[in-house]
Amino acid sequence: MTQDTKTLWASCQKYFSETIDATDYERLFSHVTFEAYRMATKTLVLQVPSQYIYEEIEKRYLSELRYGIRNTFGMIRLDWHVVMEQSGKKGGLIFESTDETLAPPTLIQPTERITGKNDTAAKGERQDIDSNLNPKQVFRTFLEGDSNRLSRSIGLRVAEHPNGTQFNPMFIFGPSGCGKTHLVNAIGNRCKEVYPGKRVLYVSARIFQQQFTTAMQRGIINDFIAFYQTIDMLIVDDIQEWMTATRTQDAFFHIFNHLYRNNRRILLVSDRAPVDMEGINKRLLTRFKSGIMAEMEQPNLQLCIDILKKKIAYDGLTVPADVVQYIAETANGSIRDLEGVINSLMAHSVVYNCSIDMNLVERVVKRAVKTDDMPLTVDDIIDRVCRHYEVTPAMVKGKSRKQEIVLARQLSMYLADKYTNIPATRIGKLVGNRDHSTVLHSISKIAEKLTKDKIFALEVEKVMKALKVKES
């Protein structure tokens, strides 16, 4: 930044005062003050007196906020520092801006090239770019467990050996909240750490599509493609969003081929496997599957507990063990939900100057953990039982006769009969293609064990309690 950053913020405020309704400007933006600009992380920190103000600004004036900041500061990260006074005490919380508020990767490079504003780019020289990586999402903070061990191991190898051809492309898929975005950011950050000169770029499929549309409108498609072909490691998140975007797929096809032929790294992230991506061109799917497909699963109970403990320690909170256990059991295996609960607990603790106990957590979980209004499915039940017994759905649906797997299998059938209206024949089909008599036998065995084994009954009660969270 060559200009004084306070002066730049003053320019932003002037823009907001001229473009935003006067009443809302007075109600919201007039309370926003410049706190700091951190050169090392390219982060603008704005101070507000309440969480409500920053949430209202991002909800109601997102485009104006992004436009004003991007055109004044350039591509930067935005943090909100909420400073509150309560009972004579002053407390503060830092909230990172939503992804949409951050200035996204734009067509600055190709646009400058065709307008002659950037002589260096016009000569074809490589310039550093904003990688758009989250500096907090690194391998050090990515905990390893059975659900992510393979993906993490391969990802670390890719990060430290980007010039190799093995595992290219790397296609990472799994359900929402299992840590996929954290992992690819960790890969990108590690690569930049080991090879500072590498051009690494993280971009969401949605932003890529917006850039492509803009390039089409401006008639600079060739420059758009040329820019992406200069990237050494391209990370594209949520590519399932392209399933109906035929033109975007065609543009990416040319970028993919160029990068692949020149041994550049390609990392793709999706919430589903390639085989389930209907609407994606077959020639692209073939390329997606040509490297390594790394599946990530929802973390099991122990990994959820470990993640919670690490975040709690990082945030400097004191949370009782039974509360940690409760959060882990009710967060539906979503790392995002785990973090949301802890962030909400921290906010409550600071604002109301109260300790974190089970009563507070139960109230917060109802608001922070997304529950599903849809009825339970057999797969929901199998997943929950597997998390409790630390086995996998594949094991339960398989032929293993190990005691703990048989127990998980029988309990899954028992709970499916209890919580769904599905007939026993159908339950058997869904639990490894078992027959009707096997399901009835399993239900009978579990019912008998519940009456004789008090410890087992308590275990089942925990699983049932977790399932009721989803039903409520």
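Colleague: Are Phe171 and Phe173 buried or exposed?
Modeller: Phe171 is buried, and Phe173 is buried as well. Buried stands for a relative accessible area under 20%, exposed for over 50%, and partly exposed for what lies in between, with a 1.4 Å probe and protein chains only.

Colleague: What should I know about the model itself?
Modeller: The model is predicted, so local features need pLDDT of at least 70 and side-chain atom pairs count only at pLDDT 80 or more, while totals for chains, interfaces and linings use all residues. Residues are numbered from 1 along each chain as its sequence is written, and side-chain values use heavy atoms, with hydrogens and water left out.

Colleague: Back to the rings. How many aromatic pairs are there?
Modeller: The count comes to 19 aromatic pairs. Rings of Phe, Tyr and Trp (for Trp, the six-membered ring) pair if their centres lie within 6.5 Å; planes under 30 degrees apart are called stacked, over 60 edge-to-face, and the rest tilted.

Colleague: And what kind of pair do Phe171 and Phe173 make?
Modeller: Their ring centres are 6.2 Å apart and their planes stand at 50°, so the pair of Phe171 and Phe173 is tilted.

Colleague: What is the angle between the planes of Phe208 and Phe252?
Modeller: The planes of Phe208 and Phe252 are 85° apart and the centres 5.8 Å apart, which is an edge-to-face pair. Phe208 belongs to helix α9 (residues 205-218) and Phe252 to helix α11 (residues 246-261), so this pair ties together parts 44 residues apart in sequence. Helices (H or I, at least four residues) and strands (E, at least two) are DSSP runs, numbered from the N terminus.

Colleague: Buried or exposed, those two, Phe208 and Phe252?
Modeller: Phe208 is buried, at a relative accessible area of 0%. Phe252 is buried too, at 1%.

Colleague: Which residues do ring pairs link into a cluster?
Modeller: The cluster consists of Phe171, Phe173, Phe208, Phe212, Phe224, Phe227, Tyr228, Trp242, Phe252, Phe256, Tyr260 and Phe288.

Colleague: Changing topic: at what angle do α7 and α8 pack?
Modeller: Helix α7 (residues 149-160) and helix α8 (residues 180-194) pack at about 25°, with axes 8 Å apart. The axes are lines fitted to C-alpha atoms, for helices over the stretch in contact, and angles run from 0 to 180 degrees between N-to-C directions. α7 and α8 are therefore roughly parallel; that label applies under 35 degrees, roughly antiparallel over 145, roughly perpendicular from 65 to 115, and oblique to the rest.

Colleague: Which residues make the contact?
Modeller: On α7 they are Ser151, Arg152, Gly155, Leu156, Val158, Ala159 and Glu160, and on α8 they are Leu183, Ile187, Arg190 and Cys191. Contact here means heavy atoms within 4.5 Å. These residues divide into 6 nonpolar, 2 polar and 3 charged. Ala, Val, Leu, Ile, Met, Phe, Trp, Tyr, Cys and Pro count as nonpolar, Asp, Glu, Lys and Arg as charged, and the others, including Gly, as polar.

Colleague: What about α1 and α4, how do their axes cross?
Modeller: The axes of helix α1 (residues 5-19) and helix α4 (residues 62-73) come within 9 Å and cross at roughly 145°. The residues of that contact include Trp9, Tyr15 and Phe16 of α1 and Tyr67, Ile69 and Phe73 of α4. The contact divides into 9 nonpolar, 4 polar and 1 charged.

Colleague: Now the loops. Which peptide bond is cis?
Modeller: The bond from Asn168 to Pro169 is cis, with omega near 0°. Pro169 sits in the loop between α7 and β5 (170-173). Phe167 lies in the loop between α7 and β5; Phe167 is not a glycine, yet its phi is positive, about 60°. Phe167 is partly exposed, with a relative accessible area of 23%.

Colleague: Where does Glu390 lie?
Modeller: Glu390 is in the loop between α17 (378-389) and α18 (393-397). Its phi is near 55°, a positive value in a residue other than glycine. At 47% relative accessibility, Glu390 counts as partly exposed.

Colleague: Last one: what does Ile356 touch?
Modeller: Leaving out residues up to four places away in sequence, Ile356 touches Leu317, Thr318, Val319, Pro320, Leu345, Ser349 and Val361. Ile356 lies in the loop between α15 (335-352) and α16 (358-368), and is buried at a relative accessible area of 8%. Ile356 and Pro320 are 36 residues apart in sequence, but 7.8 Å apart in space, C-alpha to C-alpha.
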